[in-house]
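Please look through the sequence and the model together, and keep both in view while reading the explanation below.

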Amino acid sequence: MLVLDDTPQRIAEISYLRAGPNGAERAMLPVQRLRVAAVPDGCDAVLAASDLQGVATSPWGGASQLLAITLADYLPIWAEEGLIPPVDRLGVLLCGDLYSAPGADRRGVSGDVVDAWLAFALAGCPWIVGIAGNHDVVSAEDLAEEVPSAVLLDGATVERGGTRIGGIGGIIGDPGQPHRRSPDVFMKTLDAVAGTDPSILLLHEGPGGDLPGQLGNGEIRSFIERRRIPLTLCGHVGWEDRPVSRLGAGHVVNTDGRAVILTPA
């Protein structure tokens, strides 16, 4: 799944609230299109997103809800407007951290995100594959029961439309804390996933890029460069203006605080 552009094109945005240093603050979620050489069979595009840590109002009205749910609610509208393909032709890749405090007034809050995954299924997306961030409360068993079309990866791979997708949730840190692995264990897990030759690798904590401000883990970057993975998607640390970087023979796309529609040329 080779990336063809260095800069995505903005096609829409969603106003939402997120936790700032002094409480809730207004922000905009960019929705962007990025050209790729191909997408999984059976899809016309793939939506990738992560770190949707905020709340927003649905286009249908009502009380504020998780930003990820509002994003899913907009998909049929954008499809009708011709901005994205029909929702039943849109796969979804999630790189974690979909929770927010209900008032978006506290940082670093963890909580249940099953409803966020479910929202994409209810919108009509044929499949959802993703990983957990360090602030997500979700399990593969929860999703299997509530969202049969979804797969939560953590040191494993799955195929969708002839495309192998690998994923590792969480971050490097104290293994006594939720969704954290020691550096050695994380790299061994990454080696095992890479050994299956995935076309797409989903990480929450990802590699750094080759431009200023594209922060990330240098050891992860060096490893992926050697293994020649075509596309790595990650979040956890935002790349504000330049979310795409070359990475060895492929690319890394940072989806922190954005939604990217991967569209075949």
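Predicted model: local features only at pLDDT ≥ 70, side-chain atom pairs only at ≥ 80, totals over all residues.

Residues are numbered from 1 along each chain as its sequence is written, and side-chain values use heavy atoms, with hydrogens and water left out.

Helix H1 spans residues 67-80 and helix H2 residues 114-123, and their axes come within 8 Å and cross at roughly 5 degrees. Because angles under 35 degrees count as roughly parallel, H1 is roughly parallel to H2. In this contact (heavy atoms within 4.5 Å), Ala68, Ile69, Leu71, Ala72, Leu75 and Pro76 of H1 meet Asp115, Ala116, Ala119, Phe120 and Ala123 of H2. These residues divide into 10 nonpolar, no polar and 1 charged, where Ala, Val, Leu, Ile, Met, Phe, Trp, Tyr, Cys and Pro count as nonpolar, Asp, Glu, Lys and Arg as charged, and the others, Gly among them, as polar.

In the second pair, the axes of helix H4 (residues 183-194) and helix H5 (residues 218-227) come within 11 Å and cross at roughly 20 degrees, and H4 and H5 are therefore roughly parallel to each other. Phe186, Met187, Leu190, Asp191 and Ala194 of H4 make the contact with Glu219, Ile220, Phe223 and Arg227 of H5, a set with 6 nonpolar, no polar and 3 charged residues.

What lines the largest pocket? Its lining has 28 residues, of which Tyr16, Arg18, Asp51, Asp256 and Gly257 lie nearest the centre of the pocket, and by class the lining has 10 nonpolar, 8 polar and 10 charged residues. Strand E1 (9-20) and strand E2 (23-36) each supply at least two residues of this lining.

Technical notes: Axes fitted to C-alpha atoms, helices over the stretch in contact; angles between N-to-C directions. Helix = DSSP H or I, 4+ residues; strand = E, 2+ residues; numbered from the N terminus. Parallel < 35°, antiparallel > 145°, perpendicular 65-115°, else oblique. 1 Å grid on protein atoms, 1.4 Å probe; cavity = no way out; pocket = protein on both sides within 12 Å on 5 of 7 lines; lining within 4 Å.
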